[in-house]
Amino acid sequence: MQSIYEAVKVLGLGDKATLVEINRNYKALLFKWHPDRCKEDPETCKLMTQKIIQAYKIVTAYCYNHEFSFSKEDVEKSRLSDPEEFWNEKFGHDPLWGYHG
């Protein structure tokens with residue numbers, strides 16, 4: 001468990017993150033610390049790059065082994081995170097606010 005928390009910290013993630021955020025942070029950190037681009041001490045850059053890659057492996061392994069629920073209830077809950085779908089579900093048949101496409 002501690003290795004996941006440390007990896008999350010290395011990648012600059014919060015308590016929750018999407019795969020898009022994980023990948024974005026990983027790429028940004030590699031861009032900064034890659035030995036071919038880094039302006040710091042070459043050994044520090046190399047160590048940071050290795051640390052970032054290891055952290056990414058730990059976090060993605062955790063994500064790939066996480067069980068997702070596809071029950072009707074859980075899927076419907078997650079739909080509320082899509083603003084367009086939420087709006088359509090709430091106001092889709094309303095003559096003023098609903099979809100007019």
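Begin by selecting Cys38 and Cys45, which are joined by a disulfide with an S to S distance of 2.0 Å; a disulfide is here a pair of cysteine sulfur atoms within 2.5 Å. By this rule the count comes to 1 disulfide. Viewed along the S-S bond, the link of Cys38 and Cys45 is left-handed, with -65 degrees about that bond.

Before going further, note that this is a predicted model, in which local features need pLDDT of at least 70 and side-chain atom pairs count only at pLDDT 80 or more, whereas totals for chains, interfaces and linings use all residues. Residues are numbered from 1 along each chain as its sequence is written, and side-chain values use heavy atoms, with hydrogens and water left out.

Keep Cys38 selected and colour by accessibility. Buried means under 20% relative accessible area, exposed over 50%, and partly exposed in between, with a 1.4 Å probe and protein chains only. Cys38 is buried at 13% relative accessible area, and Cys45 is buried as well, at 1%. Cys38 lies in the loop between helix 2 and helix 3; helices (H or I, at least four residues) and strands (E, at least two) are DSSP runs, numbered from the N terminus. Now show the neighbours of Cys38: leaving aside residues up to four places away in sequence, Cys38 touches Lys32, Trp33 and Cys45, where contact means heavy atoms within 4.5 Å.

From Cys38, 11 residues apart in sequence, the distance to Thr49 is 9.8 Å. From Phe31, 18 residues apart along the chain, the distance to Thr49 is 9.3 Å. Phe31 belongs to helix 2 and counts as exposed, at 52% relative accessibility.

**Helix 1**

Select residues 2-10, which form helix 1, and highlight its buried residues, Ile4, Ala7 and Val8. These cover an arc of only 100 degrees around the axis and are therefore on the same side of helix 1; the arc is that of the directions from the helix axis to the C-beta atoms. An α-helix has 3.6 residues a turn, so residues three or four places apart point the same way. Which element do the buried residues of helix 1 pack against? They pack against helix 3 (42-64). Turn to the other side of helix 1, where Gln2 and Lys9 are exposed. Just after helix 1, select Gly12, which takes a positive phi of about 70 degrees.

**The largest pocket**

Now display the largest pocket, which holds about 620 Å³ of space. On a 1 Å grid over the protein atoms alone, a pocket is an open set of points where a 1.4 Å probe fits, with protein on both sides within 12 Å along at least five of seven lines; lining residues have an atom within 4 Å of a point. Of the 18 lining residues, select Asp15, Lys16, Ala17, Tyr62 and Cys63, the closest to the pocket's centre. Helix 1, helix 2 (19-33) and helix 3 are the elements that give two or more residues to the lining, and helix 3 supplies the largest share, 4 residues.

**The whole chain**

Finally, clear the selection and view the protein in cartoon form. The protein has 5 helices and 0 strands. Of its 101 residues, 21% count as buried. Among contacts with a separation of 6 or more, 37% are between residues 24 or more positions apart.

Note on methods:
Grid points are joined across faces, edges and corners, and a volume is the space filled by probe spheres set on the points.
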